[in-house]
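Hi,

Here is the structure I said I would pass on.

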Amino acid sequence: MVQLYNLHPFGSQSVVPCRQEPARFCCGRDALFVAGAGGSCRVEAFALREQGGCEPLGSFATLGPVRRMAHSPAGDYLVTIEEKSKATFLRAYLNWRCMSAGSSRVCVRMVGHKMEESYSETLKEQMSIVEMPLSDPPLCVSCCPVNGDLLVGCKNKLVMFCLKYLVINQNLTVLDFERSLILHIDNLIPAEVAFCARHIAVMTELEVLILKLELVQQSADRTEQCAHRGSTLEKPEDGGVKDEGPSMPTLQLELDEFIVCQKPVELLGEESKLCEIPITLESTELPTEDTKCFQVRYLLFRRFTPDQSPFGFCEETKLHSVQLLPVYQTGSSVTDHEEIENKRELLSLFCFFSLPHVGYLYSVGKLVELISTYQYSEKSEQAVLTPQFLHVITSENLQCFTVRCSAAAARDEDPYIDTTVKACPPVALDVCTLRMQLFIGPRAICHFKNHIILLTKADTEDITERRKPTRRMLSRKADSIKSRTNSESEPGWNLYIINTVSTIQLYREMVDYSRIYENVKTESCIHLLSEAHLLVRAAVMDPHFLKSDEKEELLKAFRESCAFLGDCYSRFDTKDYHLALPYYRMSGLSVTEVLKRLVSEGDEIQTYERGFIFYLTHSLNEDLNEELSKESANKVLQIFCLADPVQLPHILCSPCMRNVCPLTAVKYLQKVEKIMPSVVVTLTKAFMALKMGDLTMCEHEMGSYKEMLCGNSENTIPQLLVDFWEALLVVCSQEEILQELLLRVTSQYVWRISKKQLPETKPLKTTEDLINSCNHFGLIFPWVTSIMSMGSPSDEDYHEDISKLQSLLCSQSINIAPALPVLEPLTEAGNVGLTIYVLCSTRLGRYEEALDQLLRRCPDAAVLYAQHELKGDNRAVWWNKLLPELCKTTRLTGNDCPVLISSLKETLSVVAMELELRDFLSLLPEDGTAAFFLPHLLHCSQRRLLT
C-alpha cells in the first residue's frame, strides 16, 4: 500500500539554455550532457551548480544523431550510440572537459590503439574519441559506477569492455578500453541494460534477468580453457521418441493466428536458474597471468504478460527504467565523530524496474528479495531511483516516492540492528508518495545528487490550454515550481533543473507534519517519523557525508529522530513497544532526560505504557555510569510500584539507583509485599535496612525465611542464594568481595553442570539479563557459540548454567588462576569442557595450546577463534602456529575433511594480506599443490603492487 502525504521535496527550478530541442540527456559528476533532436549531430555540456542552475561548458560534434548515451563517474567519460547512414556506432568521448577550456583539438582512435609517447603533450589538451566496432549493432549501453567498465547490449549478446588506465609517462595517464567478455544469450533483444560491480540487469519488453559475474579461481594450466568457458543451461538432446503431432509447417500456420503469451514468472536466487535462458561466456582478452575467469550466477528472473482486455492485448504494457543502485560503505558510524577516510566500498545493491502502472524494487546483494512495490495513480513514462527517493514521471506529473534502500543497507552494514542495542524502521514498511507535482508533458528524467533533470514537451493543444487559467497547484511554492508560460516555452519543450530541498529541511517538514497525527492516528505518526528517520539515515550513509557541510546537523537530526521514535513507542500502545529501548539508546539521551520527556511534574498519577516500562527496566538493569538524582530515583520507584511491582526489587539493585532514599524504598517494598510476598522482596528490604544502618531490621527480615536460605545437604546451595549473589555482583565495587562472589557463583555453576543438577527454583535472571545488567558477564564469543552448536542435546537441559559460566569467562572480571581448581571438573566434559579449557588458555595467553585443542577436537571453530582472538601482538600466531598445523593436518587427512581445507583457505587469505611475498612463500609446504596455493600467492603479490 502506498500512503500519500502532501510534502515539498522539490525546491527551486531553472531552465537549461539548450540551443536545440533535446533528444537524449544524462548527468555525471557535476555535468549535464544534452544531445539534440532531429538530425542534430552535437552534444552540449553544462556545469551543474550545487545550489541550482547551470552554465554552458561547450559542445562537441558527433558522428550522427545520438540514440543512447551514458556517463561514467569512474573515468569521467561519455559513451554514445550514434546513427549514420542507417549504421550504428559505439563511441566513447574521453577528456571532454578540454572543450570547455577552449581547445578544439580532437583525436579519434580505435579501441586498443597503442599510444605513442610522442603524443603525450597533445593528449593532455585534446578530447579523445574512442571508436569501438562491434559485429552487431549496439542497442543499449550502461557504465559501471564503481570501476567504469562498459556493458553494451546487442541482439543475442552482451559485450563487456574493461576501462584501462594506461601510463604513458610519469606526467600522463590515458584511458582506453579492452573488450574482455561476451555473454551470448539466445533469443534476447535487450531494450535496456544496467551494469554495476559485475552485476548485470538486462531487460526486454516483458522480461528482466539479473546476473552476477563471479570470479573463478583457476590454475595456470587452465588459463587457456578459461578463454572459452561456458555457463550454460543444459538443453535436451535430439533423439528419443519423436512427437507424433502435426508437422512444423502446419503447426506454424496455426500458431500465426494466435498471440502466444507465456505465463508470468518470478524466480529468485538459485531458482532463477530455471528460467531456461542459456548463457555462454566468451573471453576476448588475451590470456595472461592476470586473466580473470568468470562464471555466471543467476540472481533474479521476472516475466510479465501484457494487460488483457475484452478487446485484445494492450501493446503499451512494456517494462522501462531498469536501474542498479549501489549503496556504499563509508566506514563511518552515525555515532562515531572521528574523521575516517572516505572509501567507496560496495555495501548493498538494489535493482528497480517498472511497468506502466507498477514499479518493483529488489535487493540483489547478499539476499535477493522484493523490497517494495509502487502503485502509480496513472501511467508512468520513466522513473529514476536514488538512495532517498524514487522519482516517476507520468503524462502530467512528477511524482516523488520514498524508498527502503537505507533500511536494507543499514541491516547489511550493522548486525546489531533489530536487537536491543540498535533499531531501524523495517524494510517492509509501506512506502509513501511525498509529492505529485504538476507538469505539462513530462517526457524524460535523470538524476544527479540533489538535481532532477526533466524534459517536458507539450503537444499543440497543450500549448493552447496553457494560455488559459489553470487550477491552482497543491504546492505552497507553486509560483516557483509551476511550468513556465513565457516566450521560451512557445516551441513546446523545456529542459528543467529541479533541485530537491535539503535533507534537513524536508526532515523538519516531516516531523512537523507528524504532529498532526500525534494524538489521533498512532500508526500514521510512527510511519511519518520512520520516513523522516530513513531520510536522514540515507544521507548519513552517503559516501560524501564525511565531507558534508551539514554533517553535524545531520547527526543531530539522526539522534533527534531516534528520540522521537522512542517517544512514540513509549507513549503509544503498539505491538512494537520494545523498540523504545534501542531508539532511545541511539538517541544518546540519558535516563534522566527520558524521564523528563515522558513523566509529568508533580504527584499526579499517570498511565505508563509497556514501551516506557520496557525501556526503564532494561536501562536500569544495566551497569550504567549514570546515577539518578534522589528525586528521579524516587520517581522511578513510584512508576514501577504502579506499573510493574514485581520488578521493584531488581530495580533497587541497579547502580543507577544508588541515590534512592532507603526509607522510601522500604515503604514501596512493604506495599509490594502485601500484594505478593516473596523471598526476593524480603532480601531487598534487608539490603535497604543495611543502607540505613538498621541492623535490627536487617536481622528481622533475614530471619523471616531462614529455612529457605539453607540447603538440604552440605553441598547444595539454594537458587535463591545464587540469585542474591548475582544481584550483589551488579552493585559490588570492592575488588576482594567481587572476586569472592565470582568464585562462589562459578563454583555453583560448575557443580550443577558436572552433577547434572537443575536448580530447585527458576533463576530470577537469565544469561541475557545478566549480560545487560552487569559488566562482569560478557557477550559470549562467536567461536564459543560455534562449538556449542555441535554439542550434545543433553547440554540443552543445563543451557542456562553453561551460558552463565561461559559469559563470566568471556568477561575480563574474574581472575582465572584462582578459578582453575574450581573449573577442573569440567575440562573433559565434551564441548562444554572444550570451551572452558580454551577460554582459560586464552585468558592466560596460551594461544598455541588453545589452537592445539581446537584442531584436535573441533577444527570447525579454529579459524573463527583465530579471527576473534589473534589480533594485534598475537597476529603472528596465524602463520607461526595455525598455518603450519593446518597444512600438516590437511596433508594427513587428504580430501576427506572439507572443513580443514576450508579453514586452510581462509587462513591463507589472512596470511596473504599480512606478510611480504617472500615471507609468505617460505611458509608454504614444498610438496603442496601449486593450483591450490597459486591464487593466494597472486593475491599477496597484487596487494603489494597496489600499496
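**Two open sheets**

Four bridges join β12 to β13 (residues 150-154), and the two strands run antiparallel. In that pairing, Val-141 has Val-152 in β13 as its bridge partner. Before I go on: this is a predicted model, where local features need pLDDT of at least 70 and side-chain atom pairs count only at pLDDT 80 or more, while totals for chains, interfaces and linings use all residues. Residues are numbered from 1 along each chain as its sequence is written, and side-chain values use heavy atoms, with hydrogens and water left out.

A word on terms: helices (H or I, at least four residues) and strands (E, at least two) are DSSP runs, numbered from the N terminus. Two strands pair if DSSP finds at least two bridges between them.

Back to β12, which belongs to an open sheet of five strands in the order β12-β13-β14-β15-β20, with antiparallel pairing. The edges are β12 (140-143) and β20 (279-283); each has a single partner strand, so one side of each is left without a neighbour in the sheet. On average, neighbouring strands here are turned by 25° against each other, direction ignored (the axes are lines fitted to C-alpha atoms, for helices over the stretch in contact, and angles run from 0 to 180 degrees between N-to-C directions).

Another open sheet has five strands in the order β16-β17-β18-β21-β19, again with antiparallel pairing. Its edges are β16 (192-196) and β19 (265-268), each with a single partner strand, so one side of each lacks a neighbour in the sheet. Five bridges join β16 to β17 (residues 199-203), which run antiparallel, and Phe-195 stands opposite Ile-200 in β17.

**The chain as a whole**

The protein chain holds 30 helices and 34 strands. Of its 947 residues, 51% count as buried (buried means under 20% relative accessible area, exposed over 50%, partly exposed in between, with a 1.4 Å probe and protein chains only). Contact means heavy atoms within 4.5 Å. Among contacts between residues at least 6 apart in sequence, 65% join residues at least 24 apart.

**Cores**

Which residues touch the most other members of the largest nonpolar core? They are Phe-612, Tyr-615, Leu-616 and Leu-620, in a core of 85 residues. (A nonpolar core is a set of buried Ala, Val, Leu, Ile, Met, Phe, Trp, Tyr and Cys residues joined through side-chain atoms within 4.5 Å.) Leaving out residues up to four places away in sequence, Phe-612 touches Ser-570, Val-594, Leu-595, Leu-598, Val-599 and Ile-639. Apart from that core lies another, of 67 residues, including Phe-777, Val-784, Ala-866 and Leu-904.

Leu-904 comes up again with Glu-885: their C-alpha atoms are separated by 9.5 Å, and the two are 19 residues apart along the chain. Glu-885 lies in helix α27 (residues 877-893) and counts as buried, at 19% relative accessibility. Not counting residues up to four places away in sequence, Glu-885 touches Asp-852 and Leu-855.

In helix α17 (residues 695-704), the buried residues are Met-697, Cys-698 and Glu-701. They cover an arc of only 100° around the axis, which puts them on the same side of α17 (the arc is that of the directions from the helix axis to the C-beta atoms). Their cover includes α15 (662-675) and α16 (679-692). The face turned away from the buried side carries the exposed residues Leu-695, Thr-696, Glu-699 and His-700.

**Aromatic pairs**

Rings of Phe, Tyr and Trp (its six-membered ring) pair if their centres lie within 6.5 Å; planes under 30 degrees apart count as stacked, over 60 as edge-to-face and the rest as tilted. By this rule the count is 20 aromatic pairs. One of them is Tyr-5 with Tyr-517, edge-to-face at 6.4 Å centre to centre and 70° between the planes. Tyr-5 is in the loop between β1 (3-4) and β2 (10-15), and Tyr-517 in the loop between α7 (503-514) and α8 (522-540), 512 residues apart. Tyr-5 counts as buried at 3% relative accessibility, and Tyr-517 counts as buried at 17%.

Ring pairs also link Phe-304, Phe-353, Tyr-360 and Tyr-362 into a cluster.

Cheers
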